[in-house]
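Please read this note with the sequence and the structure side by side. The points are numbered so that each can be checked on its own.

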Amino acid sequence: MFLNIEQLSFSYGEHKVINNLSLSLKKGEILAIQGPSGSGKTTLFKIIAGLETPQEGEIHIDSNCMVSIDGKCLVPEKRHVGLIFQDYALFPHMTVYQNIVFGCYHMPKPLQKPYVLSLLKDIELEDYKDRYPHTLSGGQMQRVAIARALASRPKILLMDEPFSNLDEDLKDVFIPNLKALFERHQLTVIIATHHQRDIDLLAPKVLYLENGSLVDKKG
Ligand SMILES: Nc1ncnc2c1ncn2[C@@H]1O[C@H](COP(=O)(O)OP(=O)(O)OP(=O)(O)O)[C@@H](O)[C@H]1O
Ligand SMILES: [Mg+2]
């Protein structure tokens with residue numbers, strides 16, 4: 001399996017948020033995670049990305065160990081995990097183009113520009129490349145945040161409520177395009193969302209976060 005999480009547990013102080021959670025995904029799979037507010041979706045993403053350290057469990061991505069059973073953790077910048085938060089933080093002093101090219105640090109310079117231009121086309125913001133974030137709508141900012149995450153060519157992309165600022169009409173066009181993009185890159189993606197429409201458009205598989213573990217409600 002491309003992503004392997006085994007018997008993961010994590011507490012904030014006395015409060016157990018993730019409890020003996022296991023999950024396996026193949027390369028290129030797209031999974032949606034649902035769960036009520038406070039169930040631990042963001043916490044799980046932070047653990048996978050390396051921003052929180054679990055008390056128990058193991059995580060492997062593409063056969064590389066992120067968290068080992070004896071508690072050794074790989075630093076976030078070596079994990080190749082892309083994380084898009086609910087609030088799509090862009091750099092305010094950088095243009096759309098500069099925000100996205102920031103993610104291309106791993107690429108030879110001459111390849112960066114054509115790659116960013118192709119990503120701008122994918123998110124349908126080619127004409128916005130010189131604009132600053134404060135001049136964009138919420139939905140446009142979200143799309144730039146997605147492009148920036150993709151620019152770093154992550155092995156896994158974690159998206160935390162990434163479409164909350166996209167109106168329904170835009171979703172119907174944008175999400176299928178994004179799905180095609182993921183498929184083209186064979187990208188493994190987990191999306192946390194409360195919106196059934198997002199799931200219908202993007203993710204063939206859904207798991208529910210309940211009592212700190214992932215369960216399949218379809219049985
Ligand atoms: N830094 C923190 N310190 C202490 N407790 C925290 C911290 N961050 C989150 N929590 C608690 O951990 C639990 C899980 O929070 P988390 O943000 O993962 O939920 P969520 O499923 O993402 O919720 P939402 O759908 O509202 O985004 C909550 O009870 C929350 O209050
Ligand atoms: Mg959350």
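**Notes on the sheet, the helices and the ligand**

1. In β8, the residue that forms the bridge with Leu31 is Ile190. Strands β3 (residues 30-34) and β8 (residues 188-192) run parallel and are joined by four bridges; helices (H or I, at least four residues) and strands (E, at least two) are DSSP runs, numbered from the N terminus, and two strands pair if DSSP finds at least two bridges between them.

2. This is a predicted model, in which local features need pLDDT of at least 70 and side-chain atom pairs count only at pLDDT 80 or more, while totals for chains, interfaces and linings use all residues. Residues are numbered from 1 along each chain as its sequence is written, and chains are lettered from A and ligands numbered from 1 in the order in which they are written.

3. The open sheet is formed by six strands in the order β6-β7-β8-β3-β9-β10, with mixed pairing. Its edge strands, each pairing on one side only, are β6 and β10 (213-215). On average, and with direction ignored, neighbouring strands are turned by 25° against each other; axes are lines fitted to C-alpha atoms, for helices over the stretch in contact, and angles run from 0 to 180 degrees between N-to-C directions.

4. Helix α1 packs on this sheet, where it touches β3, β6, β7 (156-160), β8 and β9 (205-210), and its direction makes about 155° with that of β7. Two residues are in contact if their C-beta atoms, placed from the backbone, lie within 7 Å.

5. Helix α1 (residues 41-49) also gives the most to the shell around ligand 1, with three residues. Among the residues around this ligand are Gly38, Ser39, Gly40, Lys41, Thr42 and Thr43, a residue being near if its C-beta atom, placed from the backbone, lies within 6 Å.

6. The axes of helix α3 (residues 109-122) and helix α4 (residues 138-151) come within 10 Å and cross at roughly 140°. At this contact, Tyr115, Val116, Leu119 and Leu120 in α3 meet Ala147, Leu150 and Ala151 in α4.

7. Is Thr95 buried, exposed or partly exposed? Thr95 is partly exposed, because 18 other C-beta atoms lie within 10 Å (20 or more would be buried, 12 or fewer exposed, with C-beta atoms placed from the backbone). Thr95 sits in the loop between β6 (81-84) and α2 (96-101). Its C-alpha atom is separated by 5.3 Å from that of Asp130, 35 residues apart along the chain.
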